[in-house]
Amino acid sequence: MAENSGISWTHNTQNFWVGCDKVAPECAHCYIDRILVKQGREPWGQIYRTQTWADPWKWEAECIRDRNAKRIFTCSLSDFFHVKADPWRKEAWAIIKRTPHLVWLVLTKRPQLIEARLPHDWGEGYPNVWLGVSTGCRMTLNKMDVLRRIPAAVRWVSAEPLLEDISQDINLDGFHWLVAGGESGAGNEYQWDPAMDWKAELNNESGRRSMRYEWAANLRDKVKAAGLAFMFKQVTAPKSGFGYNALDGKDWHEFPPAPNGLEWAPRQPIPDKYAMSEAQWRNFANEITAEPMPILNSRTGKSTAEGLLLSEDHLQAPKGKR
Ligand code: SF4
């Protein structure tokens with residue numbers, strides 16, 4: 001079996017380009033700098049075209065041979081709708097359209113840029129493209145409203161990192177799938193505070209924000225009550241793939257069906273690296289979240305959701321970044 005991505009909800013990742021800018025609270029501890037700096041690239045403010053554009057043809061051929069479909073996440077090291085990738089996106093859409101056995105999971109934090117950047121023959125949406133938006137807090141839920149207005153075969157939400165309980169406020173109308181999970185990353189674990197200045201938090205590169213178990217369980221209940229597919233990736237953990245990934249003792253790895261009656265290709269099992277049992281994790285999480293530990297003192301005012309939607313790709317790169 002071919003090597004799968006380390007991201008458990010996709011078979012493979014395809015980065016047509018890499019590099020990004022932080023535009024939302026969920027971006028604060030974005031991992032791309034840790035990868036791109038090792039490649040000798042500046043992670044913030046610049047976008048680089050990659051040399052992996054032939055990989056999808058290989059995956060498409062495998063799926064044709066095996067008569068199945070694979071999920072392909074783009075972009076894991078950038079944002080598909082970043083304005084600086086405009087010169088290359090048309091070419092990427094052409095590959096996406098010509099690989100019908102690949103289901104492209106296009107995830108963005110910039111839904112306001114989607115509409116003007118769709119291909120001319122998008123119509124009601126390519127059947128093999130699932131458009132997704134990231135939101136893990138109430139401040140950014142309105143990104144779903146933008147995506148709701150755009151035709152798509154499947155609309156989905158990545159509530160990861162889940163920063164607070166959004167289950168009472170989220171509107172799932174027009175959506176088909178939700179992925180939830182806690183943040184992973186080295187350094188201090190702390191409780192996110194919606195009153196803190198989220199732009200100032202972007203300067204805190206390390207750390208991870210606690211997700212309470214109940215937030216994920218409440219969201220699962222809301223998603224299941226609406227009849228949608230639900231995926232729980234993992235709890236808050238120092239490293240991706242090392243956190244417990246069950247809710248109430250059960251794995252939640254649900255997906256909308258593949259197009260054209262195809263079956264999903266098998267995926268390598270998620271590695272059994274869990275450092276803690278569910279009971280241990282609950283105790284651990286309760287200890288951490290009992291005393292909120294904001295690492296910022298800055299409280300210069302709550303950002304409005306409208307402000308977030310209007311934010312473009314030109315926030316300053318975090319201090320100390322190469
Ligand atoms: S949009 Fe995604 S890739 Fe870009 S900075 Fe935010 S989290 Fe990182």
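Where is the place of R67? I found R67 in the loop between α2 (55-66) and β4. I was working from a predicted model.

**Confidence**

I checked the pLDDT next. The chain averages 85, and 82% of the residues score at least 70. Residues 286-322 fall below 50. I still found 69 contacts for this stretch in the model, beyond near neighbours in sequence.

I looked up phi for R67. The angle is positive, about 55 degrees, and R67 is not a glycine. Most residues other than glycine have a negative phi, and most peptide bonds are trans. Is R67 buried or exposed? I counted 10 other C-beta atoms within 10 Å of R67, so this residue is exposed, the cut-off being 12 or fewer.

D248 came next. Phi of D248 is near 55 degrees, again positive in a residue other than glycine. I located D248 in the loop between β12 (246-247) and β13 (250-251). D248 has 10 C-beta neighbours inside 10 Å and therefore counts as exposed.

Then I turned to peptide bonds. The bond from T74 to C75 is cis, with omega near -5 degrees. C75 lies in the loop between β4 and α3 (86-97). I noted a cis bond from E160 to P161 as well, with omega near 0 degrees. P161 sits in the loop between β7 (154-159) and β8 (177-180).

**Strand β5 and the core**

I moved on to the largest nonpolar core. It has 71 residues. W104, W130 and L178 have the most contacts inside it. Which strand gives the largest share of this core? I found β5 (residues 102-108), with six residues. In soluble globular proteins, nonpolar side chains tend to be buried together.

Why is β5 largely enclosed by the rest of the structure? Seven of its seven residues are buried, so the strand is largely enclosed. I checked both faces of β5, and both are covered. L102, W104, V106 and T108 are buried on one side. V103, L105 and L107 are buried on the other.

I looked for the pairing of β5 with β4 (residues 68-74). Five bridges join the two strands, which run parallel. The bridge partner of R71 in β5 is V103.

I also listed the contacts of W130, leaving aside its neighbours within four places in sequence. W130 touches V103, W104, L105 and V106, along with A153, V154 and W156.

**Ligand shell**

Which residues surround the ligand? I listed C20, K22, V23, C27, C30, I32, S78, D79 and K109. I sorted this shell into five nonpolar residues, one polar and three charged.

Definitions and conventions:
Residues numbered from 1 in each chain as written. Predicted model: local features only at pLDDT ≥ 70, side-chain atom pairs only at ≥ 80, totals over all residues. Core = buried A, V, L, I, M, F, W, Y, C linked by C-beta atoms within 7 Å. Buried ≥ 20, exposed ≤ 12 C-beta atoms within 10 Å, placed from the backbone. Helix = DSSP H or I, 4+ residues; strand = E, 2+ residues; numbered from the N terminus. Contact = placed C-beta atoms within 7 Å. Near = placed C-beta within 6 Å. Nonpolar A, V, L, I, M, F, W, Y, C, P; charged D, E, K, R; others polar. pLDDT = per-residue confidence, 0-100. Pairing = 2+ DSSP bridges.
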